[in-house]
Amino acid sequence: QVQFVESGGGLVQPGGSLTLSCAASGSIADIYTVAWYRQALGKSRESVALISNAGNAAYDASVEGRFIISRDTPKNTVYLQMDSLKPEDTAVYYCNDASPAVGVTLTWGRGTQVTVSS
């Protein structure tokens, strides 16, 4: 299966911005939906944004209006533009196939740490 490598995280102040990148090891052209997930310390992993291969995007209510997901299919890369960051956005961010084939167990990369703090 295609593997994803996340990058672009870092330490930002509340209200700041970051853009995360998700580089796939192979073509994402046939992956129906790619999603960004995050996992805060002590919490389960949650989906925050997803995008279909047609460019349709959907967001969790917690990031609606602040995050924008996009994909550059020829570059096999998905991005997450994060604006107006809040401390509660602090988490390790992952990307992955959000519509795996039946019977496939997803594997996860290392993610990229986003810390929002003054």
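Analyst: **A close look**

Leaving aside residues up to four places away in sequence, V12 touches S17, L18, L85, T115, V116 and S117, with contact meaning heavy atoms within 4.5 Å. Bear in mind that this is a predicted model, where local features need pLDDT of at least 70 and side-chain atom pairs count only at pLDDT 80 or more, while totals for chains, interfaces and linings use all residues. Numbering starts from 1 along each chain as its sequence is written, and side-chain values use heavy atoms, with hydrogens and water left out.

V12 belongs to strand β2, residues 10–12; strands here are DSSP runs (E, at least two residues) and helices are runs of H or I, at least four residues, both numbered from the N terminus. V12 has 12% relative accessibility, so it counts as buried (under 20% relative accessible area; exposed is over 50%, partly exposed in between, with a 1.4 Å probe and protein chains only). I31 sits 19 residues away from V12 in sequence, yet their C-alpha atoms are 31 Å apart.

Now the charged side chains. Searching the whole structure turns up three salt bridges (a side-chain nitrogen of Lys or Arg within 4 Å of a carboxyl oxygen of Asp or Glu). R38 and E46 make one of them, at 3.0 Å, N to O. E46 is partly exposed because its relative accessibility is 34%, whereas R38, at 5%, counts as buried.

R38 also pairs with D89, where the closest N and O atoms are 2.9 Å apart. That pair links distant parts of the chain: R38 is in strand β4 (residues 33–39), D89 is in the loop between β8 (77–82) and β9 (91–97), and 51 residues separate them. Both D89 and R38 are buried.

D89 meets R66 in a salt bridge too, at 2.7 Å, N to O. R66 lies in the loop between β6 (57–59) and β7 (67–72) and D89 in the β8–β9 loop, so this pair ties together parts 23 residues apart in sequence. Burial holds for both R66 and D89. Through shared partners, the salt bridges join R38, E46, R66 and D89 into one network.

Zooming out, the protein has 10 strands and zero helices. Of its 118 residues, 36% count as buried. Among contacts with a separation of 6 or more, 56% come from residues 24 or more positions apart. Taken along the principal axes, the C-alpha atoms fill a box of roughly 40 × 25 × 25 Å.
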